[in-house]
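Here is a short briefing on one model.

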Amino acid sequence: MKVLGTVFFLFLMSISGLVGAMSIVSVGKSCVFSAVEIVLKKGGEPVVNAPVSRVSEWQKEETETTVTDENGRFSFPVLYHASASKFVPFSEFVASQLIVVTVEGEEYEIWANAKRDAKENSELGGKPLKLTCELNEEARLVEDFETLLVTNCRW
């Protein structure tokens, strides 16, 4: 019976790569939003003391807030959630991601994404989220990665 259990476990681990699973060290955890470091500008000048919200949703909605510093910088740490669905062979990971900045009473959605891979930094194909965002630029659809990303940020 032990052999059958081991074979079943190995089967699950082998097919988990097909459904966006992570390494065996990270089994049971899903990266809902990778760490983000952003410099925010408007007209080329840093946006100072602007409230920023990061909203994510996967299994539950979560909102975090911060404020830009004197250089227009802000950051959020990586956000992981435990995942029982990693052991369900044909489930699909999709996390909703949104970053909104408020400047002079106007809201700007600088990042809207449907993250489809539970690995950290999968939003940009493995690149860390170190971005510069210009509020005067139109948000654009980025189709370079396996995701639905709309942003006015550059990396």
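Cys133 and Cys153 form a disulfide, with their sulfur atoms 1.9 Å apart. A disulfide here is a pair of cysteine sulfur atoms within 2.5 Å. The model is predicted: local features need pLDDT of at least 70, side-chain atom pairs count only at pLDDT 80 or more, and totals for chains, interfaces and linings use all residues. Residues are numbered from 1 along each chain as its sequence is written, and side-chain values use heavy atoms, leaving out hydrogens and water.

**Cysteines**
- A search of the whole structure finds one disulfide.
- The torsion about the S-S bond of Cys133 and Cys153 is about 95°, so the disulfide is right-handed.
- Cys133 lies in strand β10 and Cys153 in strand β13 (residues 153-154), so the pair ties together parts 20 residues apart in sequence.
- Strands are DSSP runs (E, at least two residues), numbered from the N terminus.
- Both Cys133 and Cys153 are buried, meaning under 20% relative accessible area with a 1.4 Å probe, protein chains only.
- Cys31 is also buried, with a relative accessible area of 0%.

**Nonpolar core**
- A nonpolar core is a set of buried Ala, Val, Leu, Ile, Met, Phe, Trp, Tyr and Cys residues joined through side-chain atoms within 4.5 Å.
- The largest such core has 30 residues; Ile38, Leu40, Phe74, Ile99, Ile110 and Trp111 touch the most other members.
- Strands supplying at least two residues each include β1 (29-33), β2 (36-42) and β9 (106-115).
- β8 gives the most, with four residues.

**Trp111**
- Setting aside residues up to four places away in sequence, Trp111 touches Phe33, Ile99, Leu131 and Val150, among others.
- Contact means heavy atoms within 4.5 Å.

How values were computed
Buried < 20%, exposed > 50% of the residue type's maximum accessible area, 1.4 Å probe, protein only.
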